[in-house]
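Q: Could you walk me through this protein model? I'm new to reading structures, so please take it slowly.

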Amino acid sequence: MLSHHERQELERIQQWFEHDDPDLARQLGEGESPGGVLRSRVLRYVTDALALGLIVLGAMTLNFGLIFFGAVLLAVAACLHVAHWGDAQPPAARGPGPG
């Protein structure tokens, strides 16, 4: 639990950020790092491509180790996609929520 003085200091820092760099303050308030969504999307697609490439290469060479590793990587890619399911549009572009 923060003391009253610590809360006042944090509020003063927040006001300074909002005045000095409103874009950074907005991004910090949303909980995203600048460029985080794009970087995350690229990581997911690269993981998909690598997994599929390993599965195809393993099937062509009949190397079941590559097929297994590709399947594990494909499962990781699926988890990454599910974890970032709502990243298709930025939060500002989604509009108001239900209700």
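Q: Okay, how many helices and strands does the protein chain have?

A: The protein chain has five helices and zero strands, and read along the sequence the pattern is α-α-α-α-α.

Q: What's the mean pLDDT of the chain?

A: The mean pLDDT of the protein chain is 78, with 75% of its residues reaching 70 or more. Among its elements, helix H4 has the highest mean, at 91, while helix H5 (residues 91-94) has the lowest, at 50. Where pLDDT is low, the predicted coordinates should not be read in detail.

Q: And what share of the residues count as buried?

A: Of the 99 residues in the protein chain, 12% count as buried. The chain exposes about 7800 Å², and carbon and sulfur atoms supply 68% of that area.

Q: Take Thr-47, then: buried or exposed?

A: Thr-47, whose place is in helix H3, counts as buried because its relative accessibility is 11%, and the cut-off for buried is under 20%.

Q: What is Thr-47 in contact with?

A: If we leave aside its neighbours within four places in sequence, Thr-47 is in contact with Leu-73, Ala-77 and Leu-80.

Q: Where is Ala-71, and how far is it from Ala-51?

A: Ala-71 is found in helix H4, and although Ala-71 and Ala-51 are 20 residues apart along the chain, their C-alpha atoms are separated by 6.7 Å. Ala-71 itself counts as partly exposed, with 39% relative accessibility.

Q: Switching topic: how many salt bridges are there, and which side chains meet?

A: The count comes to one salt bridge, in which the side chains of Glu-9 and Arg-12 meet at 2.1 Å, N to O. Side chains of opposite charge can pair when their charged atoms come close.

Q: Which residues form the nonpolar patch on the surface?

A: Leu-2, Leu-10 and Ile-13 form that patch, and together they have about 260 Å² of accessible area. Leu-2 sits in the segment before H1 and counts as partly exposed, at 40% relative accessibility.

Q: One last thing: what is the phi of Leu-62?

A: Leu-62 has a positive phi of about 55°, although it is not a glycine. Most residues other than glycine have a negative phi.

Q: Where does Leu-62 lie, and is it buried or exposed?

A: Leu-62 lies in the loop between helix H3 (36-61) and helix H4 (64-83), and it is exposed, because its relative accessible area is 62% and the cut-off for exposed is over 50%.

How values were computed. Residues numbered from 1 in each chain as written. Predicted model: local features only at pLDDT ≥ 70, side-chain atom pairs only at ≥ 80, totals over all residues. Heavy atoms only, no water. Helix = DSSP H or I, 4+ residues; strand = E, 2+ residues; numbered from the N terminus. Buried < 20%, exposed > 50% of the residue type's maximum accessible area, 1.4 Å probe, protein only. Salt bridge = Lys/Arg side-chain N within 4 Å of Asp/Glu carboxyl O. Patch = residues over 30% accessible without salt bridge, like charges linked within 9 Å, V, L, I, M, F, W, Y side chains within 5 Å. Areas by Shrake-Rupley, 256 points an atom, 1.4 Å probe, with all protein chains shown as cover. pLDDT = per-residue confidence, 0-100. Contact = heavy atoms within 4.5 Å.
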